[in-house]
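Take a slow walk through this protein with me, one part at a time. Keep the picture open as you read, and look up each residue when it is named.

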Amino acid sequence: MPPSPALQAISESAVQGHEADEKYGDAMNWDELEFGVIPTDYMYIMKCSNGDDFSQGHLTPYGKIELSPSAGILNYGQGIFEGLKAIRTKDGRIQLFRPEENALRMKMGAERLCMPSPSTHQFLDALKQTVLANKRWVPPQGKGALYIRPLLMGSGPALGLGPAPEYTFLVYATPVGSYHKCGATMNLYIENEVRRAIPGGTGGIKSITNYSPVFEVVKKARAKGFTDVLFLDAATGKNIEEASMFNIFFVKDNVILTPPANGTILPGITRKSIIEIARDLNYLERDVPLEDVLAADEVFCTGTAVEVTAVASITYQDKRIEYKSGEETVFHKLRVVLKEIQTGVVEDKMDWTMLID
């Protein structure tokens, strides 16, 4: 159903209020854009009580929010988030990539953490309003993207163990460049002690509790010159699962291999897209033991932030394995196809993109 007249008026007012400032982006040095928070103009907020449905949200100036010290998200980690990008196409229009998938994944995570979630329509409408209100912050084509961060959290007070009495759905956005400064490839380290996720846990959803437990090992790896860390499965300690914040693919003799999203691995949307593009190729989804990692010809990673990026090397204990890169690789061919769809260079026959301006 369409947004309410009041909601539509707020959105139109926000956009019109910045039409005069549309050239503000010209003052930005888009070539120096990094992956970090640049405060924009507006964010979107919607609330509901436990047991109710989300109803009407609104745009509000970007800024701090107020939370009770006993809020569920602060005391019990009752929160999930999503991440996606608004990208300018070659003709200057703005589009999102598979935002319905983000809405469905948030719903799945919300159910796991006993939270209500916005409907797909509400989710998409919130994204659209947030992007249009911050339209001047969308970088020119090829210079980056407007990163959109939807958050769902238990914002009501909860001292006793249990779901919060109130929930907040919030969307903010910031212009970003490349996630890693290392260039076009990554150098990864396999962590042998710490596990990212366990069977029956929350590794398969974007719970806020999944990320800080790996900060220490990632920090140590980066201090040694590595880009990120690959984690082994908790059950056997013999199979690769994923990195701190992206999925991983391996190629051997033109066979594409990736670990299955079986509850401990996040079902990434970029991952899913690469899999669907590779359907006509020789593709397998199965456990990936260490010996397959060490014998691979190519390795690449996928994620909203890292996009599709080649892995130059993987180090396990004291053994470093280097992998192929370049325009003749399977990785490069898959990356080009996906990138052309995301940026509007080719017709989107997959019906994955959503034009919003």
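We begin with the overall layout, then visit the interface, and then look at some single residues.

A few words on reading the model come before the tour. This is a predicted model, in which local features need pLDDT of at least 70 and side-chain atom pairs count only at pLDDT 80 or more, while totals for chains, interfaces and linings use all residues. Residues are numbered from 1 along each chain as its sequence is written, and side-chain values use heavy atoms, with hydrogens and water left out.

Let us start with the layout. The protein chain is divided into domain 1 (22-177) and domain 2 (186-343); such bounds come from an automatic or database domain assignment. The C-alpha centres of the two domains, domain 1 and domain 2, lie 26 Å apart.

How many residues of domain 1 are in contact with domain 2? There are 26 residues on the side of domain 1, in contact with 24 residues of domain 2, where contact means heavy atoms within 4.5 Å. The size of an interface is often given as the accessible area lost when the parts come together. Domain 1 and domain 2 bury about 2,000 Å² between them, and 62% of it is on carbon and sulfur atoms. Buried area here is the accessible area (1.4 Å probe) that two parts lose on being put together, summed over both. In domain 1, Phe81, Phe97 and Arg105 lose the most area to domain 2, together 31% of what that side buries.

Polar groups also meet across this interface. The rule finds 12 residue pairs in polar contact between domain 1 and domain 2, both residues being at pLDDT 80 or more. A polar contact is a pair of N or O atoms within 3.5 Å; within protein, one must be able to donate a hydrogen and the other to accept it, and residues adjacent in sequence count only if both atoms are side-chain atoms. On the side of domain 1 that touches domain 2, β3 (79-81), β4 (84-88), β5 (94-97) and α3 (99-112) each supply at least two residues. Of these, α3 gives the most to that side of domain 1, with six residues. The names refer to DSSP runs numbered from the N terminus: helices (H or I, at least four residues) and strands (E, at least two).

The count of salt bridges between domain 1 and domain 2 is three. A salt bridge is a side-chain nitrogen of Lys or Arg within 4 Å of a carboxyl oxygen of Asp or Glu. Glu276 forms a salt bridge with Arg98, with the closest N and O atoms 3.5 Å apart.

Now find helix α6 (residues 269-277). Seven of its nine residues are buried, so α6 is largely enclosed by the rest of the structure. Buried means under 20% relative accessible area, exposed over 50%, and partly exposed in between (1.4 Å probe, protein chains only). Among the buried residues of α6 are Ile269, Thr270 and Arg271.

Next comes Gln78, in the loop between α2 (72-76) and β3. Is Gln78 buried or exposed? With a relative accessible area of 8%, Gln78 is buried. A polar contact of 3.1 Å joins the side chains of Gln78 and Tyr167. A polar atom of the side chain of Gln78 also lies 3.4 Å from the backbone oxygen of Cys114.

Lys143 forms one with Asp31, the closest N and O atoms being 2.5 Å apart. Lys143 lies in the loop between α4 (120-133) and β6 (145-154) and Asp31 in the loop between α1 (5-16) and β1 (42-49), so the pair ties together parts that are 112 residues apart in sequence. Lys143 is partly exposed, at 35% relative accessible area, whereas Asp31 counts as exposed at 55%.

The side chains of Glu216 and Lys220 meet in another salt bridge (3.4 Å, N to O). Because Glu216 and Lys220 are four residues apart in helix α5 (residues 215-223), they are separated by about one helical turn.

Our last stop is Gly177, in the loop between β7 (166-176) and β8 (185-191). Gly177 is buried, with a relative accessible area of 11%, and touches Leu33, Glu34 and Phe35, not counting residues up to four places away in sequence.
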